[in-house]
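Open your viewer and keep the selection panel at hand. We will walk through the fold one stop at a time.

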Amino acid sequence: MEFFNFFSKEKKETLDKGLSKTKESVFSKIARAVAGKSKVDDEVLDNLEEVLITSDVGVETTLNIIKRIEDRVAKDKYVNTQELNNILREEIAALLTENNTVDSEEFTVPAGKKPYVIMVVGVNGVGKTTTIGKLAYQFKKANKSVYLGAADTFRAAAVEQLDIWGTRVGVPVIKQKMGSDPASVAFDTLSSAVANNADVVIIDTAGRLHNKVNLMNELTKIKNVMKKVIPDAPHEVLLVLDGSTGQNAFEQAKQFTLATEVTSMAITKLDGTAKGGVVIGISDQFKIPVKYIGLGEGIEDMQVFRKKEFVDSLFGETEK
């Protein structure tokens with residue numbers, strides 16, 4: 001089978017397991033929505049709408065999906081409830097494709113950008129530092145030399161946590177004392193990375209949302225200082241969101257996309273929640289590609305997001 005060439009059985013099993021709570025929740029709700037019905041009618045669609053909204057897909061995205069299913073039902077005339085799951089799966093995959101969600105290669109960086117600089121943003125507690133550590137591990141496994149920058153200097157635990165990950169993965173962490181200027185840490189990190197011919201730089205930033213203007217100013221300052229070392233840095237601004245917070249993740253995405261130019265997203269903690277639908281809604285609403293998903297505590301439990309495999313794990317493989 002073609003898809004197993006690049007998506008191993010082990011990764012598929014991790015994905016299935018990580019999304020199992022969402023899948024069980026969604027399937028049980030869909031089963032109730034179609035109970036006693038043989039045909040997809042207005043009542044089934046109304047019930048399905050409620051299922052998607054309560055699965056944290058979001059209102060706007062849900063309405064979009066329901067409209068697509070209505071169009072399919074109208075076109076195909078008679079659609080039975082057994083076919084509904086396949087249609088749902090196909091339409092969500094199509095929606096993700098239309099939203100420019102491009103399946104990434106494995107943990108790679110574009111050629112010609114050396115070092116490739118990733119600035120990571122997100123509120124405290126979403127798994128930001130853990131995501132950085134796991135990314136560093138994956139890049140190193142791909143034979144890339146990696147530097148980490150501890151630019152979240154307002155929280156002592158953030159620097160310590162990144163230091164622990166650096167030791168665990170075996171990559172250098174550039175840091176200063178607590179309360180130092182985050183932009184200064186970013187400058188030092190990029191300078192060290194350039195001097196040592198590194199392939200990838202990942203910069204942690206402070207995760208405070210209490211004042212959007214302060215946040216915007218701080219992130220802008222970090223970016224401007226980076227450009228003094230590498231003119232087109234950062235090459236990527238990665239927003240980390242906690243999938244288990246459901247609708248709160250939408251609000252965080254809104255605030256950060258207003259504060260800075262976010263180019264990609266990582267959605268964490270999907271294994272401990274039934275709110276996996278949030279990945280679909282956030283991708284649709286913000287038109288920013290979901291690049292990585294977190295599916296557990298293990299160092300290997302972060303995957304590059306692939307829409308087909310994600311939808312298959314969430315709604316089941318297409319029945320032949």
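Predicted model: local features only at pLDDT ≥ 70, side-chain atom pairs only at ≥ 80, totals over all residues.

Residues are numbered from 1 along each chain as its sequence is written, and side-chain values use heavy atoms, with hydrogens and water left out.

**The sheet.** Select the strands (DSSP E runs of at least two residues, numbered from the N terminus). Eight of them form an open sheet in the order β3-β2-β4-β1-β5-β6-β7-β8, with mixed pairing; a pair needs at least two DSSP bridges. β3 (173–174) and β8 (302–304) stand at the edges with a single partner strand each, so one side of each has no neighbour in the sheet.

**Inside the sheet.** Next, show β1 and β5 (residues 236–242), which pair in the parallel sense over 4 bridges. Here M119 stands opposite V237 in β5.

**The rings.** Finally, select F107, F139 and Y292, which form one aromatic cluster. Ring centres within 6.5 Å make a pair, with planes under 30 degrees apart counted as stacked, over 60 as edge-to-face and the rest as tilted. F107 and F139 are edge-to-face, at 6.4 Å centre to centre and 90 degrees between the planes. Both are buried (under 20% relative accessible area, 1.4 Å probe, protein chains only).

Methods
Phe/Tyr/Trp six-rings, centres within 6.5 Å; stacked < 30°, edge-to-face > 60°. Buried < 20%, exposed > 50% of the residue type's maximum accessible area, 1.4 Å probe, protein only.
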